[in-house]
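Okay, thanks everyone. Let me put the next one up on the screen, and then I'll walk you through it.

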Amino acid sequence: GGGLLVGAYRRRALLVRRVRRHALAEFLGTFGVAGVAQVVLSGRADGSYLSINLAWGIGVTFGVLVAGGVSGGHLNPAVTVSLAVFRGGLPLVLVLALVAAQVLGGFVASAVVYGLYADALDAYDGGHRTVTGPNATAAIWATYPQPFLSLANGVADQVIGTAVLMVGVFALSDARNPVVAAADSTVKALAVGVLVLGVGIGFGFNSGYAINPARDLGPRLFTALTHGPAVFSAAHHWWWVPTLVPLAGGLVGAAGYQAYKVALR
């Protein structure tokens, strides 16, 4: 009896340690909206849409390098959930902890960017933080759809964009893929960054290619404090699309990659 209790205690202690270490890694790895702030606040004088995409790609690369050796460098609840469903090995408590850490990382990073650009924000909008209008700044942090975008098209945009991302992530993490198996971790991290860059260049126009609930919800929660509740009601309550739909898109992409592997047998 005593041996069973000791074994159970050790397993619990190991799980707690794993959750703590992995959550910390995901928190530190999930940073990056400063590229958008520079472009918007400078009136595009010091950046462009391409520079935003490059900033995200570089940020993701280094995020994976920071967190990859500990947690795998998911940085995205859609990645975490898809890996848990199709690859296994992630207890529910760990999945929940990683998602919470990712969202918190996005929130804290948003606060850092807000403080860094406090004077520039005041110069840009006169101290009036708005979600819509010519001097709106909420989109520096969270994503919003183009005025013409329908809900159906917006949902499809997030499903397809996240599915493309997930096919690439699953390919890069496939131990049976000989091309990937031969690459070291730094090259894989760079490849993930290039993948995000490609998704941004190809899928960003409609609504800013969230493809990551933490990248949108964490910053949106922060801007609820600075810009008010309109960040959730704007664009016909758009917020739920980049928060929930990428989870479904990730599962679609992961299922597609797994089906592709089965078809090759």
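Predicted model: local features only at pLDDT ≥ 70, side-chain atom pairs only at ≥ 80, totals over all residues.

Residues are numbered from 1 along each chain as its sequence is written, and side-chain values use heavy atoms, with hydrogens and water left out.

What's the secondary structure? Twelve helices and zero strands, taken as DSSP runs numbered from the N terminus (H or I, at least four residues, for helices; E, at least two, for strands). The radius of gyration, over C-alpha atoms, is 19 Å, close to the 18 Å from the globule rule (2.2 Å times the number of residues to the power 0.38) for 265 residues, so the chain is as compact as a globular protein of that length. Buried residues, under 20% relative accessible area with a 1.4 Å probe and protein chains only, make up 45% of the 265.

Now the pair. Helix α4, residues 77-86, packs with helix α5, residues 92-116, at about 170°, axes 9 Å apart. Axes here are lines fitted to C-alpha atoms over the stretch in contact, and angles run from 0 to 180 degrees between N-to-C directions. That makes α4 roughly antiparallel to α5, the word for angles over 145 degrees. On the α4 side you've got P77, T80, V81 and A84, meeting V95, L98, V99 and Q102 of α5.

Technical notes. Parallel < 35°, antiparallel > 145°, perpendicular 65-115°, else oblique. Contact = heavy atoms within 4.5 Å. Buried < 20%, exposed > 50% of the residue type's maximum accessible area, 1.4 Å probe, protein only.
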